[in-house]
Protein chains: 2
Amino acid sequence: MDAVKIIAEPRRREILRLCWHGERAAGDLADAFEITFGAVSQHLKVLRDAGLVTVRRDGTRRYYRANPTALGPLAAYLEAQWGRQLDRLTELAEAAESDSGGTRA
Amino acid sequence: MDAVKIIAEPRRREILRLCWHGERAAGDLADAFEITFGAVSQHLKVLRDAGLVTVRRDGTRRYYRANPTALGPLAAYLEAQWGRQLDRLTELAEAAESDSGGTRA
DNA sequence: AGCAAGTTTTAGTAGTCGCTAAAATAGTTG
DNA sequence: CAACTATTTTAGCGACTACTAAAACTTGCT
């Protein structure tokens, strides 16, 4: 699974967001969703395998944290695909906003 | 289908790339792939419905062109999700490059 | 009208994805 | 070792996705 597909899943983006600024126990992360602990653990495995999160073991707990540097290759990929347009994404956001009023992503 | 999932599909990203700097007939686009014309047309429909491409009819041909402004909402979404980290993506790319040498996305 | 070229749409299919429920694993404590 | 907590893994399922092949539609030409 390539990185783009991995972060295309809303639940995984939310997980990344939750452990972006500091580590979070797997159980804590799971509590943030209404799905099963098992399901969250599966998402964590995907993120782990892609190197998008790192794990620290402490007792029976696993503490997860987003790994920003792993997003580097993703950035390189986006750069290659979208070129300089990427730099202007925010501008484009505003333009589209005033054009259509739609904010759907 | 949200925009993030739409561009998660490699074939669709390639289509967008092909008609990014100028319009391309549907047939031309289809020729760039080894899949069926029909399959490409289906991708075009997805992109069309999301407003990510615009169409110009000329005779029996349909000329497609990527619509950068439609990526605005996507940008807004990414901004909201990733915040300022997005600005540093290129930096991160370089860091990851020298760390692991891997460029897989 | 008939025919051909370009494109879209439909029906059906194999593979993938995210989920649940339950079993298995790892670590801590008595 | 047994009991308990935290987490991972497995098996199975329904929904969805990208694809092929074929039919339908559109436009231009004669």
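These questions and answers walk through a predicted model, from the DNA-facing surface to the cores and the sheet.

Trainee: Which element gives the most to the surface near DNA strand C?
Mentor: Start with the setting: 23 residues surround DNA strand C. Among the closest are Ile35(A), Thr36(A) and Gly38(B). Four elements each supply at least two residues: α4 of chain A, and α3, α4 and β3 of chain B. With 6 residues, the top contributor is α4(B).

Trainee: Why do the buried residues of α2(B) line one face of the helix?
Mentor: Helix α2 of chain B spans residues 10–18, and its buried residues are Arg12(B), Ile15(B) and Leu16(B). An α-helix has 3.6 residues a turn, so residues three or four places apart point the same way. Looking down the axis of α2(B), the buried residues line one face because they fall within an arc of 100 degrees.

Trainee: Which element gives the most to the largest nonpolar core?
Mentor: The largest nonpolar core has 19 residues, and Cys19(B), Leu47(B), Leu52(B) and Val53(B) have the most contacts inside it. From chain B, α2, α3, α4 and β3 each supply at least two residues of this core. The biggest share, 3 residues, comes from α4(B).

Trainee: How many residues are in the second, separate core?
Mentor: This core includes Leu16(A), Ala30(A), Leu52(A) and Ala66(A). Its residue count is 18.

Trainee: Which strands of chain B stand at the edges of the sheet?
Mentor: The open sheet has 3 strands in the order β1-β3-β2, with antiparallel pairing. An edge strand has a single partner, so one side of it is left without a neighbour in the sheet. The edge strands are β1 (24–25) and β2 (53–58).

Trainee: What is the bridge partner of Arg24(B) in β3(B)?
Mentor: β1(B) and β3(B) pair in the antiparallel sense over 2 bridges. Across from Arg24(B), the partner in β3(B) is Tyr64(B).

How values were computed: Residues are numbered from 1 along each chain as its sequence is written. Chains are lettered from A and ligands numbered from 1 in the order in which they are written. This is a predicted model: local features need pLDDT of at least 70, side-chain atom pairs count only at pLDDT 80 or more; totals for chains, interfaces and linings use all residues. A residue is near a molecule or strand if its C-beta atom, placed from the backbone, lies within 6 Å of it. A residue is buried if 20 or more other C-beta atoms lie within 10 Å of its own, exposed if 12 or fewer, and partly exposed in between; C-beta atoms are placed from the backbone. The arc is that of the directions from the helix axis to the C-beta atoms. A nonpolar core is a set of buried Ala, Val, Leu, Ile, Met, Phe, Trp, Tyr and Cys residues joined through C-beta atoms within 7 Å. Two strands pair if DSSP finds at least two bridges between them.
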